[in-house]
Amino acid sequence: MKKTILESYYKFAESDTTGKREVLAGFVSYFTIVYIIVVNSMILSEAGIPLNGAIFATILISAVGCIFIGLYANVPIILVPGMGINAMFAYTMVQGMGLSWQSALAAVFVSGLIFVAIAFSRFLNVINTSIPHSLKEAISIGLGLFLLFLGLEKGGLITAGSSTLLQVGDFGSTEVIATILTMILAFVLFIRNVPGNFLLTIIAGTAIAWFCGTIKLADIAFSVPEVSEYKEVFFALTFVEINRLEFWIAVFSMTMVLVFENIGLVHGHVNSVGKPERYKKAFQATGISILLSGIFGSSPPVATVETAAGIAAGGRTGFTSVVTGILFLFSFLFVPVIKVIPNSSIAPILIIIGILMLSNIKHLDFGDFSESIPAIMIIVMIPYTLSIPDGMAAGFILYPILKIAAGKANQVSKPMYFIALLFLAYFVIGVIS
């Protein structure tokens with residue numbers, strides 16, 4: 001029987017799959033991750049990016065990222081803007097460091113250039129082996145705690161109190177009631193592992209908010225949005241702040257987070273489908289997508305953990321990702337609906353993702369204080385300082401110091417000493433200025 005072009009390219013039989021199964025897996029991946037359009041757009045809007053533009057950018061980079069990695073690397077990995085990374089973009093780089101969102105996009109672009117250079121060179125292995133496992137895990141855990149905090153704040157469960165302290169929110173307000181009801185539903189759907197539970201949470205949460213009177217659905221106009229609404233964001237990156245120290249700290253910190261997070265995610269996904277030889281191409285595709293995100297106007301994509309849903313549904317080749325990417329393109333039809341989704345629907349998802357990222361704490365070695373103390377400092381300092389690079393700096397500076405104090409200086413790589421010195425210089429310059 002004559003093979004189709006798809007069968008010839010993706011070799012479904014060799015991967016023990018079929019075209020039909022790949023399409024189904026692509027749909028499962030899409031409905032598992034489509035919530036990112038809402039969540040990422042709202043976080044980007046808090047950085048000052050126009051909401052319409054943020055929605056367009058999120059959809060476009062998700063579509064292009066998924067299609068590209070499916071064609072180039074032939075793996076069923078879903079590339080969408082990463083949770084935690086988007087928070088770093090909005091709350092640390094823009095609100096914390098004072099960069100404009102246009103300059104922050106330029107920093108993303110430069111991070112993408114560095115990521116691509118690493119992905120296409122031998123430095124990928126050098127960096128992967130030079131940074132201690134405990135610090136890699138700590139970054140992910142710290143980001144999780146940061147997201148958990150943001151979810152509680154966005155849902156109104158905690159608010160700013162006197163003397164910069166936090167306090168319990170107004171549990172009598174309709175907004176908080178809507179958040180609590182949605183959060184309970186989200187936990188139930190998640191624990192029961194209901195397919196597309198995040199998407200269902202957003203839909204049900206929006207209905208709950210409408211019932212509580214916090215939003216109005218009557219103003220939704222079902223129309224295809226004008227592409228002109230995206231022109232404010234597309235290619236809006238600017239390098240006017242390239243001479244600021246904060247710009248390069250942002251580049252350095254984002255590159256570190258992106259490299260380490262994706263090394264773990266991509267490695268895990270390609271191994272789960274039995275294709276470890278496709279790791280390098282998948283990592284390269286991720287880097288190119290990060291580079292494009294700065295141009296498209298979005299925070300960077302990652303090889304999201306929700307990829308596992310498509311793999312569990314039978315996805316074994318890149319055609320799964322291509323199908324998911326095409327479905328993202330159809331999401332443009334639903335932009336008017338996306339814009340009315342309230343914070344009470346998004347907050348529970350941030351909380352759950354934060355909790356999931358916190359679970360990595362079980363991988364830390366608490367028997368060796370020279371490993372655990374720097375890791376714990378990263379974990380607590382990221383949310384307490386509301387700054388991912390400040391939190392990372394605390395752990396990366398402490399690590400070589402404590403290893404030397406413990407008589408284990410030989411366990412610290414030369415690149416690790418160099419990175420620690422960079423973070424120390426960042427602190428010193430910050431104090432002087």
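**Close-up views of a predicted model**

By the ring-pair rule, the count comes to 16 aromatic pairs; rings of Phe, Tyr and Trp (its six-membered ring) pair if their centres lie within 6.5 Å, with planes under 30 degrees apart counted as stacked, over 60 as edge-to-face and the rest as tilted. The model is predicted, so local features need pLDDT of at least 70 and side-chain atom pairs count only at pLDDT 80 or more, while totals for chains, interfaces and linings use all residues. Residues are numbered from 1 along each chain as its sequence is written, and side-chain values use heavy atoms, with hydrogens and water left out.

**View 1. The aromatic pair of Phe109 and Phe239.** A pair of aromatic rings is described by the distance of the centres and the angle of the planes. The rings of Phe109 and Phe239 are edge-to-face, because their centres are 6.4 Å apart and their planes stand at 75 degrees. This pair links distant parts of the chain, 130 residues apart: Phe109 belongs to helix H6 (residues 101-119), and Phe239 to the loop between helix H10 (197-212) and helix H11 (245-272). Helices (H or I, at least four residues) and strands (E, at least two) are DSSP runs, numbered from the N terminus. Phe109 has a relative accessible area of 19% and is therefore buried, whereas Phe239, at 35%, counts as partly exposed. Here buried means under 20% relative accessible area, exposed over 50%, and partly exposed in between (1.4 Å probe, protein chains only).

**View 2. The aromatic pair of Phe247 and Trp248.** The ring centres of Phe247 and Trp248 are 5.2 Å apart and the planes are at 80 degrees, so this pair is edge-to-face. Phe247 is buried, with a relative accessible area of 0%. Trp248 is partly exposed, with a value of 39%.

**View 3. An aromatic cluster, and charges over rings.** Ring pairs link Phe56, Tyr230, Phe234, Phe235, Phe296 and Phe332 into a cluster. Arg122 lies over the face of Phe123, 5.1 Å from the ring centre. Lys281 lies over the face of Tyr72, at 5.0 Å from the ring centre. A charge sits over a ring if NZ of Lys or CZ of Arg is within 6 Å of the ring centre and within 35 degrees of the ring normal.

**View 4. The salt-bridge network of Asp368, Glu371, Lys403 and Lys408.** Side chains of opposite charge can pair when their charged atoms come close. A salt bridge is a side-chain nitrogen of Lys or Arg within 4 Å of a carboxyl oxygen of Asp or Glu, and by this rule the count comes to six salt bridges. One of them joins the side chains of Lys408 and Asp368 (3.3 Å, N to O). Lys408 lies in the loop between helix H18 (388-405) and helix H19 (414-432), and Asp368 in the loop between helix H16 (343-358) and helix H17 (369-385), so the pair ties together parts that are 40 residues apart in sequence. Lys408 counts as partly exposed at 26% relative accessibility, and Asp368 counts as buried at 15%. Another salt bridge is formed by the side chains of Lys403 and Glu371 (2.9 Å, N to O). Lys403 is in helix H18 and Glu371 in helix H17, so this pair ties together parts that are 32 residues apart in sequence. Lys403 is buried, with a relative accessible area of 0%, and Glu371, at 15%, also counts as buried. Salt bridges that share partners join the four residues Asp368, Glu371, Lys403 and Lys408 into one network.

**View 5. The salt bridge of Glu246 and Arg244.** The side chains of Glu246 and Arg244 meet at 3.4 Å, N to O. Glu246 counts as partly exposed at 31% relative accessibility, and Arg244 is partly exposed at 25%.

**View 6. Two residues with positive phi.** Most residues other than glycine have a negative phi. Lys11 has a positive phi near 50 degrees and is placed in the loop between helix H1 (5-10) and helix H2 (19-33). Lys11 is partly exposed, with a relative accessible area of 40%. Asn74 has a positive phi near 55 degrees and is placed in the loop between helix H4 (51-72) and strand E1 (79-81). Asn74 is buried, with a relative accessible area of 11%.
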